[in-house]
Amino acid sequence: MPLDPAIAARLKRTADGLVPAVVQQYDTGEVLMLAWMDDEALHRTLTTGRATYWSRSRGSYWVKGETSGHVQHVKSAALDCDGDTVLLRVDQVGAACHTGDRTCFDADELTVTRA
């Protein structure tokens, strides 16, 4: 069964058919990672409650935690106002980042200089 046509019609995909998915811890708001989804990955995520993404490097689908055990249980999903980004609010079990860190955004903070 394909992605709901009403949802598919709202998506604005990249040239290779993908939309970015921002992944956030549902109860704290912590931003965990960014991944990519196509229509099938979004459909699988919405129908299983398990975050499923498209791996650009492997050219295949992956369910977060399938091999690592660091599962993302999806609590909610939303499209932004333009339909070009998906927001997943998840309950993250273990590390979200492939490096083993809790979030992909805690390793390299940049300095901001105010004018």
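Q: In this predicted model, what makes the charged end of Arg44 count as sitting over the ring of Tyr61?
A: The charged end of Arg44 lies 4.2 Å from the centre of the Tyr61 ring, and the distance part of the criterion asks for CZ of Arg within 6 Å of the ring centre. The criterion also asks for a position within 35 degrees of the ring normal, and the charged end of Arg44 is listed as sitting over the ring of Tyr61.

Q: Where does the charged end of Lys75 sit, and what distance does the criterion ask of NZ of Lys?
A: The charged end of Lys75 sits over the ring of Tyr26, 5.1 Å from its centre, and the criterion asks for NZ of Lys within 6 Å of the ring centre.

Q: Why is the pair of Trp54 and Tyr61 called edge-to-face?
A: A pair of aromatic rings is described by the distance of the centres and the angle of the planes. A search of the whole structure finds 2 aromatic pairs. Tyr53 and Trp62 form an aromatic pair that is tilted, with 5.0 Å from centre to centre and 45° between the planes. For Trp54 and Tyr61, the centres are 4.8 Å apart and the planes stand at 75°; because planes over 60 degrees apart count as edge-to-face, the pair of Trp54 and Tyr61 takes that name.

Q: Why is the pair of Tyr53 and Trp62 called tilted?
A: The angle between the planes of Tyr53 and Trp62 is 45°, and because planes under 30 degrees apart count as stacked and those over 60 as edge-to-face, with the rest as tilted, the pair of Tyr53 and Trp62 is tilted.

Q: Why is strand 2 described as largely enclosed by the rest of the structure?
A: Of the 7 residues of strand 2 (residues 31–37), 5 are buried, so this strand is largely enclosed by the rest of the structure. Leu34 is found in strand 2, and at 43% relative accessibility Leu34 counts as partly exposed.

Q: What makes Val31, Leu34 and Phe105 a patch?
A: Val31, Leu34 and Phe105 form a nonpolar patch on the surface, with about 280 Å² of accessible area together. Patch residues need over 30% relative accessible area, and Leu34 has 43% relative accessibility.

Q: How do you know that strand 1 and strand 2 pair?
A: Strand 1 (residues 19–25) and strand 2 pair in the antiparallel sense over 6 bridges, where at least two bridges are required. Val19 stands opposite Met37 in strand 2. The two strands form a hairpin with 5 residues between them, and Gly29 in the turn has a positive phi of about 80°. Glu30 lies in the loop between strand 1 and strand 2, and at 27% relative accessibility Glu30 counts as partly exposed.

Q: How do you know that strand 5 and strand 6 pair?
A: Strand 5 (residues 72–79) and strand 6 pair in the antiparallel sense over 7 bridges, against a requirement of at least two. His73 stands opposite Asp91 in strand 6, and Gly83, in the hairpin with 6 residues between the strands, takes a positive phi near 75°.

Conventions
Residues are numbered from 1 along each chain as its sequence is written. This is a predicted model: local features need pLDDT of at least 70, side-chain atom pairs count only at pLDDT 80 or more; totals for chains, interfaces and linings use all residues. Side-chain values use heavy atoms; hydrogens and water are left out. Buried means under 20% relative accessible area, exposed over 50%, partly exposed in between (1.4 Å probe, protein chains only). Helices (H or I, at least four residues) and strands (E, at least two) are DSSP runs, numbered from the N terminus. Rings of Phe, Tyr and Trp (its six-membered ring) pair if their centres lie within 6.5 Å; planes under 30 degrees apart count as stacked, over 60 as edge-to-face and the rest as tilted. Patches are made of residues with over 30% relative accessible area and no salt bridge: like charges are joined within 9 Å, nonpolar side chains (Val, Leu, Ile, Met, Phe, Trp, Tyr) within 5 Å. Accessible areas come from the Shrake-Rupley method with a 1.4 Å probe; for residues, only the protein chains shown count as cover. A salt bridge is a side-chain nitrogen of Lys or Arg within 4 Å of a carboxyl oxygen of Asp or Glu.
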